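Here is a briefing on aromatic contacts and nonpolar packing. Look at the rings first, then at the cores.

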Amino acid sequence: MTYLRITAALAALLAAGAASADNISLRLSYADGRSGPVFSARHAQIGAFALTPDLRNQAPGAQWRVVARDAQGVILHEVTVAAGQQRHVEVFNPKTGAIDIAETVRQASGSFEVSLPFDRATASVEVLPVQASGGKGMSAAAASAPLARFDRATLARLAATSRTARAAALAPAASATTIVNTGPAAARMDYVFVGDGYTAAEMGKWHTDAQKVIDGFLDDPLFAANRANMNVRRVDMASNQSGVDEPDKGIYRDTAMDAAFNCYNIDRLLCVDTDKVHDIVGSVLAPDERDVIIVVANSTRYGGSGGDVATLSMAPQAIEVALHEIGHTAFKLADEYDYGTCSLDGEPGEPDVTMNATRSVKWRGLISAGTPVPTSAGVYPNGTVGVFQGAQYCTSGKYRPTENSRMRTLGYPWHAVNEGAARKVFTQYSGGAGVTQTGTVPAGGSVNVPNVNPGWIQAAAGNISLRLTGKVGTSYQLYLYQYGANGWAQVAASAGASASPSISYNAAAGYYYAVATSSTGGAYSLNYSYVKP
């Protein structure tokens, strides 16, 4: 067939990985340097766990790309993360749920984790700078010189050292308990709740507090609706002293993760040492088992924060803070309030804010024909989807989909647009079931499925389903390929001229990708699902 678009480097990666699909979970730390951020590889773990989904490639502001390259420099996989040196912090009023403080602070140091391929084809891992262009997504050009580069031998040594250190130090101190188990970690979004400031004598209190917080999360309608796609775990780690730091009150406690209020001199902002959190959680849970980490502080003082690790206290309203922050961290949602530093440089990448005040807005399919656009506040029942002025720190020029949601004021529902965005993220963690790809096939041309890195899927034994929908009068064909001993081979096809071809294939475990071709060309929507290992 002439439809193969796979690179030699990718074929080499799959050939090397067919017998042992090892990936590397890498924790990178960063700190201010004289000429920019200085990165170091702090921890590595090698195993057959899933790659990190690239969920934040439309985050606003400065970003970093972490890429795995082969010996020829070809990118095998990449993950985009928000550059951690600029941190947006927000504080909500505990009585009204409205925003009190929203500002960007300088974070001199921090860390983050990603999982990348580590088959024999992987020669190095690099960190590259990327600057989002006014919220339009990543700019086409990134600096040619990497901010940091780690070769394969260095990473392999780090993984061996990390394994020894983990076994010798932290493993006996922490323990993990699965609270909700709906399936394998690699095919679920895994939430981890870990307590800080609980002594060994207070483990019973921590278990009670953890269950109260977990029940609060699971009672939320969005998480209840997606429960089948998530696992929940509790990590126990005793601190030497009870409570957390409150520097503004002269209170200091010796705790396992250094939880502290008054972070950045903001009284209700609760921060932790993310390196210590990753060390503790990583000592008892594999990379697949810790997608979203929430630290619960042993304090009834109101506060919390988001970021790489979310935090909350045991104040009654704190669960609402954590739900809002997870909206950022896990679901790529923007703030919908209009307080803070406004930027109108370009269309935001997040799914719940826009600069488009017309019916062609990104959530147009959810706007009723009877709802005017733009949409006036105070006229329609809250939850009505329209185009409401005021969002992402701007009083005008940016718009949100509903009058008031959890991303604007605590205590309100998520509403339809945000719920839809969350479902798409849960889908990425559930093995690609129901993934929808859209675009345009040129006349006489073709497109690959998936059309994003790494350009193929790894599937467990089970059904692979593809269904394409095009406009009336258009013509498409579908072809499914599997990688084997002799390279890529076609294993299924829907080759008749049709506006809606489909394939349902009983697949063995392995690597697959598909090609859609069209003689007429045209816009298409293609849904595919498979069983993830």
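Tyr-191, Phe-193, Phe-217, Phe-223, Phe-331, Trp-414 and Phe-426 make up one aromatic cluster. This is a predicted model: local features need pLDDT of at least 70, side-chain atom pairs count only at pLDDT 80 or more, and totals for chains, interfaces and linings use all residues. Numbering runs from 1 along each chain as its sequence is written, and side-chain values use heavy atoms, without hydrogens and water.

**Aromatic rings**

- The structure holds 20 aromatic pairs (rings of Phe, Tyr and Trp, its six-membered ring, with centres within 6.5 Å; planes under 30 degrees apart are stacked, over 60 edge-to-face, the rest tilted).
- Tyr-191 and Phe-223 pair edge-to-face, at 5.6 Å centre to centre and 85° between the planes.
- Tyr-191 is in strand β11 (residues 189-196) and Phe-223 in helix α4 (residues 221-225), so the pair ties together parts 32 residues apart in sequence.
- Helices (H or I, at least four residues) and strands (E, at least two) are DSSP runs, numbered from the N terminus.
- Both Tyr-191 and Phe-223 are buried (under 20% relative accessible area, 1.4 Å probe, protein chains only).

**Nonpolar cores**

- The largest nonpolar core has 45 residues (buried Ala, Val, Leu, Ile, Met, Phe, Trp, Tyr and Cys joined through side-chain atoms within 4.5 Å).
- Helix α3 (residues 203-219) gives the most to this core, with seven residues.
- A second, separate core has 23 residues, among them Tyr-30, Phe-112, Val-127 and Leu-155.

Terms used. Buried means under 20% relative accessible area, exposed over 50%, partly exposed in between (1.4 Å probe, protein chains only).
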